Amino acid sequence: MRHLSRFALCGAGSILALLGPSPASGAEPGLELPTYTRAYEPRTVDERGVWMEADEAERGLRDSPLRIREAGLEAYLREVLCREVGTERCAGVRIYAMEIPGFNASMMANGTMQVWSGLLLRSRSEAELAAVLGHEFAHFELRHSLTGFQQRRRATDAIAWIGVWGALTNRDTSSTQSIIERGIYRYGREQETDADLLGLQYAALSGYPASTPSEVWKNLMAEEDASAAGRNQKPKQKYTAGYFDSHPTHLKRSIYLAEAAAKMPPGGDARAKEYRAAMAPYLPRFLAAQIKRNDFGGTEHILQSLAADSGWGPDLLFARAELYRTRGNPRDLQVAAQYYREARAAGYMGAELDRNLGLALLRNGQADEGRQSLNTYLTAMPEASDAKMIRALVAN
């Protein structure tokens, strides 16, 4: 196909006219998407540059050790995307699930989408995940990556791209996340607003609740405030955008999305139960990666949110124990020991519980109890890679 979709031909901000009157006008936006035209082979210099970068990036994602390759997860993510944007739009998308604990998904010009484990951990339903995937797909349909490439080319930003795909070839998730957040997938404020509103159209037509996109930003604001409080800082959430800020604030996005959603059909089931079942096999590893971020307040907020939906199950209790043990204040070690015991009582079966409980007890001066827990671990895991070190601790 040799021409772009109707949306792709529009200038920045003009999507508001295509979607119908603005929320403030009091009229109901239309709910009919224009005919979708799939991506085509690039013709111009800039288009070829975008596709070349995207193809190289996709090879990095495909072969990266950060990719979650267990059968079923990427297929499930595709199902959610297809429910959100429709089978025609999602037909040419290839999705890669990446074990990176930040809240992120992104899409490139050649139909490649990556979804980070941090987004999967924070989403509470299919509807919340779908809202983010739909937003990223909207950037794709609006061809925003082409504009971004033109800007990068003018700024000679190729070094940053080399850094991204170099990071994807190793396990350095912090550098990968840092590089991407510095601007590889950044769009201007108008582009973000356009993608928000087109994503809302997807949500309204999908059957998921139309109010969900607004709720996503409320949840992020709450986590950011909790993260700041955990560091004894003032809340970092900005309620007004500065001149050089590229994105609308979370608050502004939440408000205009809520106002637009109120003029649309409310939608149906958010499919929270189905989402929890799909994520259950991956929850322990997602939680472990989040704890390594050294963000006590933000992580505690995530655990509380998950528990509010499904209760304090064994995985959440164990993760909470790990969180307190990692921070390591004397009172934290005492609290961690209690959560380890509660996790065992709730059915946590991993031998690492006895090891980590023993380490917490030893650090807290409870030597006899600590050695007992470590011996229980050694009995269960005599050939563990850390068995020699644990035996030395018990002997001392």
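Contact, in this talk, means heavy atoms within 4.5 Å. Keep that in mind.

Some ground rules. This is a predicted model, where local features need pLDDT of at least 70, side-chain atom pairs count only at pLDDT 80 or more, and totals for chains, interfaces and linings use all residues. Residues are numbered from 1 along each chain as its sequence is written, and side-chain values use heavy atoms, with hydrogens and water left out.

First, the whole chain. It has 20 helices and three strands. Those are DSSP runs, numbered from the N terminus: helices are H or I with at least four residues, strands are E with at least two. The chain has 396 residues, and 51% of them count as buried. Buried means under 20% relative accessible area, with a 1.4 Å probe and protein chains only. Now take the contacts with a separation of 6 or more. Residues 24 or more positions apart make up 67% of them.

Next, P213. It sits in helix 11, residues 212-230. Is P213 buried or exposed? P213 is buried, because its relative accessible area is 8%. What does P213 touch, leaving aside neighbours within four places in sequence? The answer is A131, L200, A203 and L257. P213 and R253 are 40 residues apart in sequence, yet their C-alpha atoms are 8.9 Å apart in space.

Now H139, in helix 6, residues 126-141. Its relative accessibility is 1%, so H139 counts as buried. Set aside residues up to four places away in sequence, and H139 touches H144, Y187, Q191, E192 and A195. With E192 there is also a polar contact, side chain to side chain, at 3.4 Å. A polar contact is a pair of N or O atoms within 3.5 Å; within protein, one must be able to donate a hydrogen and the other to accept it, and residues adjacent in sequence count only if both atoms are side-chain atoms.

Last, a helix pair. Helix 18 covers residues 352-363 and helix 19 covers residues 367-380. Their axes are 7 Å apart, at an angle of about 160°. Axes are lines fitted to C-alpha atoms, for helices over the stretch in contact, and angles run from 0 to 180 degrees between N-to-C directions. Helix 18 and helix 19 are therefore roughly antiparallel, a label for angles over 145 degrees. Who meets whom? On helix 18, the residues include L357, L361 and L362; on helix 19, they include A367, L374 and Y377.

Notes: Angles under 35 degrees count as roughly parallel, over 145 as roughly antiparallel, 65 to 115 as roughly perpendicular and the rest as oblique. Buried means under 20% relative accessible area, exposed over 50%, partly exposed in between (1.4 Å probe, protein chains only).
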